[in-house]
Amino acid sequence: MAIKPTPTVAVATIVLAGFALLPVYAVLAGDSFVLSLGTRILVMALAAASLNLILGYGGMVSFGHAAYLGVGGYVVGIMAYHGVTSAWVQWPVAILLSAAVALFIGALSLRTRGLYFIMITLAFAQMIYYVGVGLYDYGGDDGLTLNARSDFGGFPSLDDRPQFYYLCFILLVAALYLMKRLVGSRFGQVIRGAKSNDPRMHAIGFPTMRYRLTAFVIAGAVCGLAGVLLANQADFVSPATMHWTRSGDLIVMVVLGGMGSLMGPVYGALTVLALEESLSSLTHYWKIIFGPFLVLVVLFGKGGIAGLIARWERRK
Amino acid sequence: MTGTILSTNGLIKRFGGLLATDNVSLEIATGELHAIIGPNGAGKTTLIRQLSGEMRPTAGSVMLDGQDITAAPMHRRSHMGLARSYQITSIFPDMTARENVALAVQAHDGHSFRFWAPAADDARLAGPALAALDQVGLGARADIPASALSHGEHRQLEIAMALATRPRLLLLDEPMAGMGPDESARMVALLKTLKRSLTIVLIEHDMDAVFQLADRLTVLVYGRAIATGTPEAIRVNREVRQAYLGDGHGG
């Protein structure tokens, strides 16, 4: 498949190349803060990309996606607390547990539609949030500081900032490639069809529930991985990680970046976190600027940032 | 042309106080084109919905090939050879015509837990999809987004999607609704071809088309099947003339 150098491809290439080169700049400029901000952007982009699979392509507006960030993070935190720091143990457990939680939540909530689905996913996420608050042995409300970061037995070392950064970068690119294959596959066609017209899908012979549930579980597992990375990045995990406002942040990233576009979540995470960083240094009330900006993009930029790029492409 | 492919026995559908289907017992013979006619609000679409599985009857049963499918979900009925088209166009507007039909092909080509290979380059989907589009006369419009097709083309696309599931029994809910005379004529020609190889249950308001196409008709009035018979028999049936066609209708 030849890739045409359209603006969509060009912008994606520039942004990903920028991410790839950021550590070089960080080292040359001696700016270590930018690297930890960059890591956070990559991790949130991964979480947003997982939400985009079900929200953007599958039309499932999950308002509880941050729950998996918490599940992944707490697995790392609790295992480290008990002295199990090997990433080869922690990470599979975190991903599988996130998948299991998603299977449970999805199996019940996917029976509902629209507003009810939003509410029930929110309710489940809040339940998990309060489980986190109730973990008194592990810090309860105050959260849990990681004794040590996940250990791959040498390389890559998460204690080394550039190595950790590149690990997140590679995982994000791998996840985006996975999403690209997934969305274009037969499975992806079923997910898209169920978003577009579910009754018709049943009429032509698809039992769509099992496919939508599978997508929901994949999204939960990938977001659980993002939670693992986030906890390692912050050396900390707390119930606040899975507060409903964090689920809202993820939706904002997906909608702002462009629902149902591959790179949308990356643009969304980049924009939200970069704006948050730069505006909050200007004023404590940065959300007064960010709010109207979000409203404008959603009102006038149908399809978010990725949609704007696509429209610019068509005008040329 | 022998045997019964689909039958209903004492089918009843109640919406609160309204009896939308009133004890309907139908027998659709294998190979026939069976039209269901009746004035607006007679419960034709409600009946089709119970046949296709979108709606459960309040009482009574639906049999397909002698198997009780009253409780079978839509997707199972589809795999048993039953397909339907909708009165109000029901397609995937954000996909191309070809993708719409390819989805219908895919539904009947094994499971879809295939996560890797691109569906767009899949000849097993594209081939039959194009064949179905050609069959309804939409072959040249395969790569147009479905939302950009005309009303008449939407009707054709509906049929192509139904055909792509390789059904034995086709339920068509007003396939000519809103069509101009030329488009209607083309649809009649298409249905004439299809009826050679398929059993068809047709709901239609265009009486000229119905009397041209149908082998048998059932007349539905207020949810009740008041008569079933050949076009000739229905035309002269006194009860039907009174209830539906009106005395002024030329025989």
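Tyr129(A) counts as buried, because its relative accessibility is 13% and buried means under 20% relative accessible area, exposed over 50% and partly exposed in between, with a 1.4 Å probe and protein chains only. Tyr130(A), by contrast, is exposed at 54%. This is a predicted model, in which local features need pLDDT of at least 70 and side-chain atom pairs count only at pLDDT 80 or more, while totals for chains, interfaces and linings use all residues. Residues are numbered from 1 along each chain as its sequence is written, chains are lettered from A and ligands numbered from 1 in the order in which they are written, and side-chain values use heavy atoms, leaving out hydrogens and water.

**Aromatic pairs**
- Over all chains the structure holds 17 aromatic pairs, where rings of Phe, Tyr and Trp (its six-membered ring) pair if their centres lie within 6.5 Å, and planes under 30 degrees apart count as stacked, over 60 as edge-to-face and the rest as tilted.
- The rings of Phe117(A) and Phe216(A) have centres 6.2 Å apart and planes at 75°, so this pair is edge-to-face.
- Phe117(A) is buried at 3% relative accessibility, and Phe216(A) is buried at 2%.
- Tyr129(A) and Tyr130(A) also form an edge-to-face pair, 5.0 Å centre to centre with 80° between the planes.
- Ring pairs link Phe187(A), Phe206(A), Tyr211(A), Phe113(B) and Phe115(B) into a cluster.

**Pro265(A)**
- Pro265(A) is buried, with a relative accessible area of 0%.
- Not counting residues up to four places away in sequence, Pro265(A) touches Ala45(A), Ala48(A), Ala49(A) and Asn52(A), contact meaning heavy atoms within 4.5 Å.
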